[in-house]
Amino acid sequence: MQETHLNPLPIAATFSKDPSFWGVDFEPQYIVHGDGSHVLGSDGRIYLDWVSALGSNLLGYNYQEFVLRVQRQVGLGAGFSLPHWLEQQVAEKIVTLLGTHVSGWNPEGLGLRFGKTGTDATTMAVRLARAVTGRERILSSGYHGWGSWSISKTPPAWGVLEEGVFDFPFNDLDKLAFCLDAYSPVAAVILEQPMQNPNPGYYAGLRKLCDEHGALLILDEVVTGFRYALGGAAEVYGVEPDIACYGKSLGNGMAISCIVGRREYFDWFSRNDPVFVSSTHFGNAVDLAAADAVLDIWGEAQVAHLWRIGLDLMDGLKVAGYDVIGHGPRSLIQHKTPYERAFFITGMRDRGFLMNRPNIPNLAHSSWDVMKTIATALEVKAEMLNCGPEELEAKMKDKLPRVLFEGR
Ligand code: PMP
């Protein structure tokens, strides 16, 4: 790597990629490149990566068919003066896939609009819901990106204006009903499927409450889309959203996102007085080529692979003595103390594994990767137990990873 003589940047462009979120003076500071399930760090070492680029790495690094198709499109052009023809093709592939997998949806009844990031998707979904309903207030559960509308309730909210958004807790229909009344009229309820399992009847009750209050149901599938099932969490839990948001894995590392939902809502984008959502790089042809390739490669067998690898990883980590929550395609180790967490992250790192939260399998992870990870996690656990809580605290107290959002 070329040596830099400038002052280093104070923080990475993406907060949760910043090395300080792994620990004080964490090495490696940078990733140089990736291949399959592994990455090369700027410290010259190779790591098995369970973070999968915060869930945007779906196929594994350097998946040949994907790479070739994206490379070809780079040569053919990225940005144009009219929409690229792939926009129509990729939109059709997405609505066909989701229209046949999400309960209550059908391809003809769906509309779609592209953005680049998950934040684009959730922000346009909320704007559309406000326009369609003529209401302002939004009820929100979970994280939906860095848009002002969503982050205003999460300290530190410097520079963020209040935008009529109120939090509600997942899995509690009584509280949701209370919020729908208390903040009436509500334009939309937006939520992501978190690590917890929904209580029986939760999603059906949520759908019913939204209908009774005339609020749109927006499902944020930025993490779960295509991973939990071809139709995302909506398919797994049998819920019919009015609008759903997709990002991360759709481009397998390239920046493309979209919202999909009832077609009549999407007519609002083509009116003479439209809902305004527009950006130079939306519909970029290289991003579209990436999504086009993902949609050709991705199928039931690939989703099953994520579940198998993910569930084996979860089971193995539990046997090794860890408290693991979540689901195969995305799980989380709950450490008892921040010191245990810091010890685990650095202990795994020292042995060649990048594990922070959450653990997200991709298509390149193998059973062998799982076995090596579990054996190593067991070793780290034994070392942790050997230390005891006081020694652990003394060792790790000055090296704790930064935490920005507690509980998010
Ligand atoms: N929704 C959810 C559920 C997310 O996890 C994230 C990002 N982690 C976003 C939205 C925002 O996506 P992005 O970071 O691509 O803007």
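Two strands count as paired if DSSP finds at least two bridges between them, and strands themselves are DSSP runs of E with at least two residues, numbered from the N terminus. Please keep in mind that this is a predicted model, in which local features need pLDDT of at least 70, side-chain atom pairs count only at pLDDT 80 or more, and totals for chains, interfaces and linings use all residues. Residues are numbered from 1 along each chain as its sequence is written, and side-chain values use heavy atoms, leaving out hydrogens and water.

**View 1. Strand β5 beside strand β7.** Here Arg137 stands opposite Val186 in β7. The two strands, β5 (residues 137–141) and β7 (residues 186–192), pair in the parallel sense over 5 bridges.

**View 2. Strand β5 beside strand β6.** β6 (residues 165–167) runs parallel to β5, and 3 bridges join them. Leu139 stands opposite Phe166 in β6. Of the 5 residues in β5, 4 are buried (under 20% relative accessible area, with a 1.4 Å probe and protein chains only).

**View 3. Helix α11 packed with helix α13.** Helices are DSSP runs of H or I with at least four residues. α11 (residues 300–319) and α13 (residues 367–387) pack at about 15°, their axes 9 Å apart; axes are lines fitted to C-alpha atoms over the stretch in contact, and angles run from 0 to 180 degrees between N-to-C directions. The pair is therefore roughly parallel (angles under 35 degrees). Contact (heavy atoms within 4.5 Å) involves residues including Ile309 and Leu313 of α11 and Val370 and Ile374 of α13.

Terms used: Buried means under 20% relative accessible area, exposed over 50%, partly exposed in between (1.4 Å probe, protein chains only). Angles under 35 degrees count as roughly parallel, over 145 as roughly antiparallel, 65 to 115 as roughly perpendicular and the rest as oblique.
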